[in-house]
Amino acid sequence: MRIGYVVSRYPAVSHTFILREVVGLRRLGWEVVTVSVRAAARGDLLTEADRAEATSTRVLVPRGPLAGLRVLTAVVATLCGSPARFFRAAKTAWGLHRPGFKGTLWAFFYFLEALILHRLCVRQNLRHLHAHFANVASDVSMIAAVLNGGTFSFTMHGPTEFFDIPGHRLAEKARAATAIFCISDFARSQLMGLLPPGEWGKLHVVHCGVDPGQFATARAARVVGAPMELLCVARLAPVKGHAILLHALHELVQRGAEARLTLVGDGPLRGDLERLAGELRVSDRVKFMGSVGQDVIHQLYAAADVFVLPSFAEGVPVVLMEAMAAGCPVVATRIAGIPELIERGVTGMLVTPGRPDLLADAILGVRANPAAAERMVEGAREKIRLEFNILRVAPQISDIFRSLLEPATQRPAASPLAAPVARPAAPVAVEGRSV
């Protein structure tokens with residue numbers, strides 16, 4: 001079976017989970033043709049796996065002196081070969097355009113990219129396209145499906161698309177898709193409001209996943225009296241709440257706690273955060289590492305005492321799954337789909353967003369009660385093993401794709417690995433103020 005995976009930029013530092021998904025499907029016998037709308041940036045290719053995947057990924061936006069010829073060929077070939085579908089796809093692209101001149105211009109570009117994708121589908125015999133994120137990848141896949149007379153699906157992550165549902169034409173994409181993979185029940189509930197109840201059956205809760213075996217690195221030995229090592233892995237953007245974390249670090253210092261913070265990731269706020277660390281007089285306790293590869297990430301999880309993610313908006317962060325699989329206690333905010341991953345006192349600690357005092361409380365609570373923290377670590381590992389394990393998720397995805405592409409009489413029985421699983425049991429107490 002063959003399928004096309006379309007991503008706005010692939011591989012990418014923040015899209016490691018897509019690579020895991022693709023590898024998982026390939027292990028199950030799928031031929032996955034990966035397509036990137038734009039070429040991966042050099043800074044995204046940090047590991048051998050990333051570089052190998054980049055070499056086999058088709059890029060839609062052409063580069064070089066023959067770019068115009070490639071676009072012209074796609075236009076002429078499609079217009080001459082299937083004029084009715086050409087104009088129907090043009091109408092679809094227009095229906096997805098955003099208001100204003102820029103929105104119209106982008107819709108035109110997406111249409112041209114869809115023509116190139118359509119030509120690739122013909123050459124590769126791709127009947128179905130799957131896009132990750134309801135962004136340009138979904139726009140282009142939806143238009144290309146009209147050109148192909150085929151189908152498309154997409155994975156709904158959020159939260160960006162939920163901030164501007166009309167601007168992302170989310171309702172239109174949801175209606176046109178034959179299936180939508182929702183990374184959480186929360187994401188599914190948001191789409192249920194955009195579709196009539198008769199179409200809710202195409203909304204599937206499919207978690208992102210990690211391979212627990214890849215994170216079974218031995219934890220670094222803890223030295224009594226050593227500073228707490230805090231770790232946060234996230235792009236340096238306002239929605240991630242790094243400023244709250246710096247204020248929490250300042251509060252920890254004010255309370256007499258010895259703590260150091262490592263920030264992994266890059267982004268537009270780096271300069272502002274470095275200045276804020278200086279103003280809070282914690283610069284000597286904060287290390288900005290920038291973007292790093294998965295090999296380095298594994299070492300950082302093993303060395304951290306607490307993984308902290310103070311975001312204001314999220315889907316279900318894969319970095320939390322990685323930290324949990326690595327045996328690192330986690331503290332995160334009680335928002336969106338995160339409570340479906342972290343149950344307070346069972347698999348980690350949850351705090352109210354925007355509250356550095358409560359964030360500091362939770363961090364100190366983990367440090368103050370090692371036995372409770374260890375029980376949370378074990379609960380977290382079990383949660384990942386049962387519900388956010390790519391070895392279980394990939395068969396679930398495979399079953400859904402087969403239901404879309406094969407007649408009912410040819411489908412194998414549903415994989416037992418995709419069956420519902422039990423949640424970890426009762427919570428444990430962690431000392432400190434209620435959070």
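**Ground rules.** I number residues from 1 along each chain as its sequence is written, and I use heavy atoms for side-chain values, leaving out hydrogens and water. Because the model is predicted, local features need pLDDT of at least 70 and side-chain atom pairs count only at pLDDT 80 or more, while totals for chains, interfaces and linings use all residues.

**Entry 1: helix 4 and helix 5.** I took helices as DSSP runs (H or I, at least four residues), numbered from the N terminus. Helix 4 covers residues 83–95, and helix 5 covers residues 100–124. Their axes are 9 Å apart and the packing angle is about 140°. Axes here are lines fitted to C-alpha atoms over the stretch in contact, and angles run from 0 to 180 degrees between N-to-C directions. I noted a right-handed crossing for this pair (the near helix is turned clockwise from the far one by less than a right angle).

Which residues meet? From helix 4 I listed F86, A89, A90, A93 and W94; from helix 5, T104, A107, F111 and L115. Contact means heavy atoms within 4.5 Å. I sorted these residues into 8 nonpolar, 1 polar and no charged. Nonpolar covers Ala, Val, Leu, Ile, Met, Phe, Trp, Tyr, Cys and Pro; charged covers Asp, Glu, Lys and Arg; the others, Gly among them, are polar.

Entry 2: I stayed with helix 5 and looked up W106 and Y110, which sit 4 residues apart, about one turn of the helix. Is Y110 buried or exposed? Y110 counts as buried because its relative accessibility is 13%. W106 is partly exposed, at 37% relative accessible area. The cut-offs are under 20% for buried, over 50% for exposed, and partly exposed in between (1.4 Å probe, protein chains only).

I also checked F108 and F109, an aromatic pair that is tilted, with 6.2 Å centre to centre and 45° between the planes. Rings of Phe, Tyr and Trp (its six-membered ring) pair if their centres lie within 6.5 Å; planes under 30 degrees apart are stacked, over 60 edge-to-face, the rest tilted. F108 is partly exposed at 47%, and F109 is partly exposed at 31%.

**Entry 3: rings elsewhere.** I searched the whole structure and found 13 aromatic pairs. Y5, W30, F181 and F401 form one aromatic cluster.

**Entry 4: helix 10 and helix 11.** Helix 10 spans residues 242–254 and helix 11 spans residues 270–279. Their axes come within 10 Å and cross at roughly 15°.

Definitions and conventions
Helix = DSSP H or I, 4+ residues; strand = E, 2+ residues; numbered from the N terminus.
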